[in-house]
Amino acid sequence: MNAIKSLEDLKKIREEALAKRKITETSGATQVIVGMGTCGIAAGARETMKAILDFIEEKNLPNIIVTQTGCIGLCEQEPIMQVVSGEQQKVTYGKVSGEVARKVMQAHVVEGHVVEENVIPV
Amino acid sequence: MREISLHILDIAENSVNAGSTVVRITIIENLNKDELIIQIEDNGKGMDEDTVRKITDPFVTTRTTRKVGLGIPFLKAAAEACQGGMVIDSTPGIGTTISVRFQHSHIDRMPLGDINNTLLSLIVGYPEVRWIYTHQVDSREFHFDTEPVREILGEISFSDPDVIKYLKGTISQGINGMAVR
């Protein structure tokens with residue numbers, strides 16, 4: 001493996017991402033959070049995370065910040081995914097399989113419609 | 001949890017919750033010695049002896065959200081069932097190292113599983129933590145440190161689509177490079 005070449009690739013990625021950011025700056029970043037406590041992991045949260053990252057890569061979506069968090073005390077609803085879009089309130093989704101995650105990414109994150117049937121009260 | 005890589009995700013999560021800024025994940029597969037060693041070393045807040053003794057007991061947890069912490073006791077039991085075991089070495093204010101050993105060929109040993117996605121999840125999900133991954137299979141080694149990646153990317157997020165692609169590619173190339181030929 002050529003590590004030096006791959007770090008050069010990374011510099012290119014940075015320049016391109018900075019250029020893209022200038023165009024999209026006004027829309028603001030969307031935050032996506034995945035619960036990754038023991039309960040979440042056991043319920044399949046790693047696959048949820050994978051589905052979200054695959055979706056961002058496939059659709060080439062900039063300005064989305066994906067992070068993890070520990071147990072938030074709703075273990076029976078795991079895997080849990082939360083979306084914070086612009087100035088809107090945080091929306092919490094429960095039992096988020098890979099398939100549900102893709103649905104939420106398309107409807108909520110891309111198009112801006114909350115997916116009511118998967119929302120859980122917090 | 002039926003994959004070692006899911007347990008690694010779980011233990012690394014504990015390291016993050018303990019306030020670690022650097023977490024080293026090391027996997028050593030020594031086929032001659034028929035050994036699989038997993039080590040997770042962090043610089044988090046650490047634990048005193050009493051707490052270390054208690055966390056291997058399934059009915060003790062420091063969390064307030066749920067009463068029972070089962071990740072560590074399950075992994076310990078799984079290792080002991082495979083001619084191995086778990087050692088926790090922790091110092092308050094310094095950090096914690098958890099080492100787990102399995103007999104590599106043991107019939108009951110759970111598979112390593114999807115380590116690629118465990119790493120991707122941790123690196124993207126906790127971008128403020130420096131992740132250092134070392135994986136050896138006999139004399140072959142894959143080493144990945146997020147520090148130079150962070151330095152080059154600067155304010156660019158780890159969840160940028162091109163960065164995700166880069167991380168996925170680098171990790172799978174490194175892991176595949178060690179496959180027994």
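In chain B, helix α4(B) meets helix α6(B) through B:Ile115, B:Asn116, B:Leu119, B:Leu120, B:Ile123 and B:Val124. The partners in α6(B) are B:Ile164, B:Leu167, B:Lys168, B:Ile171, B:Ser172 and B:Ile175. By class, this contact of α4(B) with α6(B) comprises nine nonpolar, two polar and one charged residue. The model is predicted. Helix α4 of chain B covers residues 115-125. Its axis and that of α6(B) come within 10 Å. They cross at roughly 145 degrees, and the crossing is right-handed.

Helix α6(B) also takes part in a contact with chain A. Here the partner is helix α3 of chain A, residues 45-59, while α6 of chain B spans residues 161-176. The two axes come within 8 Å and cross at roughly 115 degrees. This crossing is left-handed. From α3(A), the residues involved are A:Leu53, A:Ile56 and A:Glu57. They meet B:Pro161, B:Ile164 and B:Lys165 of α6(B). Four residues of this contact are nonpolar and two are charged, with no polar residue.

The contact between the chains takes 37 residues from chain A and 38 residues from chain B. On the chain A side, α1 (3-24), α2 (38-43), α3 and β2 (64-69) each supply at least two residues. Helix α1(A) gives the largest share, ten residues. The side of chain A that touches chain B divides into 22 nonpolar, eight polar and seven charged residues.

Methods: Residues numbered from 1 in each chain as written. Chains lettered and ligands numbered in written order. Predicted model: local features only at pLDDT ≥ 70, side-chain atom pairs only at ≥ 80, totals over all residues. Axes fitted to C-alpha atoms, helices over the stretch in contact; angles between N-to-C directions. Helix = DSSP H or I, 4+ residues; strand = E, 2+ residues; numbered from the N terminus. Left-handed = near helix turned anticlockwise from the far one by under 90°. Contact = placed C-beta atoms within 7 Å. Nonpolar A, V, L, I, M, F, W, Y, C, P; charged D, E, K, R; others polar.
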